[in-house]
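These notebook entries record what I looked up in one structure.

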Amino acid sequence: MSKAKIITRTILLVSLISFFNDISSEMLYPIMPVYLRSIGFSVLLIGILEGIAELTAGLSKGYFGSLSDSKGIRLPFIQLGYILNAISKPMMALLTHPLWIFTARTSDRLGKGLRTGARDAMLSDETTPENKGKVFGFHRGFDTLGASVGPFVALIYLYYYPQQYKWLFLIAFLPGLCSIIITLFIKEKKKEIVKTTKKINFFSYLSYWKVSTHAYKVLIIGLLAYTFFNSSDAFLLLSLKSKNMSDTHMIGFYIYYNLIFALMAYPLGMIGDKIGLKRTLIIGLVLFSISYFAMGFAFEWWHYVLIFFIYGVYAAATDGISKALISNISKRTDTATAIGFYTSFASVFAFLASSIGGLLFLFNPKIMFVFSGAGVLMVVIFFILVKVKVDE
């Protein structure tokens, strides 16, 4: 593939789809708990709702990734996934019965499960191993730019229409609709995907571990260990709140972090292709540890400006890079399964991380941040000591 064609038409379209979808989703992220409380949800019920939703996303990522590989197609999974994401937004505003809210929220996460493996496999199919960092970085940059625009739109809306949350859910449907429309312009290269005859059930993707390479196993063990220590970003925001920052400042820092993430994703993808994806991943994990250790002892506003900058660079050096690594060490016909297997278990480990993080945060926020920072440092040591080549 020539240098001029690294970012193909399909890669650009998929990136734009993620951009608009993240505007839609992240527009609601800051106000979701507040909205749920306003319609009668208790903190416990919110926790149960989010737990079920994330479990749905996690389990379905593996299944639909495996199904995409089995059928030899990507686009239908991507389209249906984004349709479910989009329609779930107005569903949550139109009816507020708990069962309906559970249905809508679960539909949204099911949509994520449907699209994730197939979308990432399509990106992988569009490029070569030496350009994976650039491609996944480019996509992640657009995705995260949407995550910056969404909360900014929410801030403007709530400034003029405070506490009128339902309309924001309806507004969020519009960028979601843009994502659906853009999927219609993607042309899938079906002849490049080889169909298989294996039967697929909901948990059949678990068998991929047995047939995967040693390099894949080493990489996944390290990534899942990192996920276990990486508690929800919500704790970073709660830490700001505990320093008596306003909601506006808190959301402002979240936007700032996403902007750094978006701007650095493609450059760090390019660096990853040059110096090695594994080396870039390790650098990112070190930055995570630095930012978490610092977060436990920060108290001045400029401390947080620096920390969230480092945290944004860390995210850019790990998120797309990890998927690029997985796609490079898996067969072309198994890419969606390989990514789906990882993202499925990552969802479970993220749930565990946030649960443990929440308990530690309630006891003492400093302990939580030090625990996470130290844990990820151990993952760095693991990747350095284990002499298995995972860059190809």
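**Entry 1: terms and model.** I call a residue buried when its relative accessible area is under 20%, exposed when it is over 50%, and partly exposed in between (1.4 Å probe, protein chains only). I note that the model is predicted, so that local features need pLDDT of at least 70 and side-chain atom pairs count only at pLDDT 80 or more, while totals for chains, interfaces and linings use all residues. Residues are numbered from 1 along each chain as its sequence is written, and side-chain values use heavy atoms, with hydrogens and water left out.

**Entry 2: a buried pair.** I looked up Asp273 and Lys134 and found that both are buried. Their side chains meet in a salt bridge at 3.1 Å, N to O; the term stands for a side-chain nitrogen of Lys or Arg within 4 Å of a carboxyl oxygen of Asp or Glu. Asp273 lies in helix H11 (residues 247–275) and Lys134 in helix H6, so the pair ties together parts that are 139 residues apart in sequence. Helices here are DSSP runs (H or I, at least four residues), numbered from the N terminus.

**Entry 3: other salt bridges.** How many salt bridges does the structure hold? I recorded 11. One of them joins the side chains of Asp143 and Arg140 at 2.7 Å, N to O. Asp143 and Arg140 both lie in helix H6, 3 residues apart, which is about one turn of the helix. Asp143 counts as buried because its relative accessibility is 5%. Asp108 and Arg109 also meet through their side chains, at 2.9 Å, N to O. Asp108 is buried, at 4%, and Arg109 is buried too, at 13%. I also noted a network of salt bridges that links Asp69, Arg74, Asp125 and Arg332. As a general point, side chains of opposite charge can pair when their charged atoms come close.

**Entry 4: the nonpolar cores.** A nonpolar core is a set of buried Ala, Val, Leu, Ile, Met, Phe, Trp, Tyr and Cys residues joined through side-chain atoms within 4.5 Å. Which members of the largest core touch the most others? Among its 80 residues, they are Tyr216 and Ile326. Helix H13 (residues 301–328) gives the largest share of this core, 14 residues. Leaving aside residues up to four places away in sequence, I listed the contacts (heavy atoms within 4.5 Å) of Tyr216: Tyr208, Trp209, Ile326, Ile329, Ala338, Phe341 and Tyr342. Apart from this core lies another, of 24 residues, including Ile23, Phe41, Met92 and Ala154. In soluble globular proteins, nonpolar side chains tend to be buried together.

Entry 5: Tyr161 is found in the loop between helix H6 (132–160) and helix H7 (165–183). Tyr161 counts as partly exposed because its relative accessibility is 42%. Phe203, in the loop between H7 and helix H8 (208–211), is partly exposed as well, at 46%. Phe203 and Tyr63 are 140 residues apart in sequence, yet their C-alpha atoms are 6.3 Å apart in space. The side chain of Ser212 reaches the backbone oxygen of Trp209 at 2.9 Å.

How values were computed:
Helices (H or I, at least four residues) and strands (E, at least two) are DSSP runs, numbered from the N terminus. A polar contact is a pair of N or O atoms within 3.5 Å; within protein, one must be able to donate a hydrogen and the other to accept it, and residues adjacent in sequence count only if both atoms are side-chain atoms.
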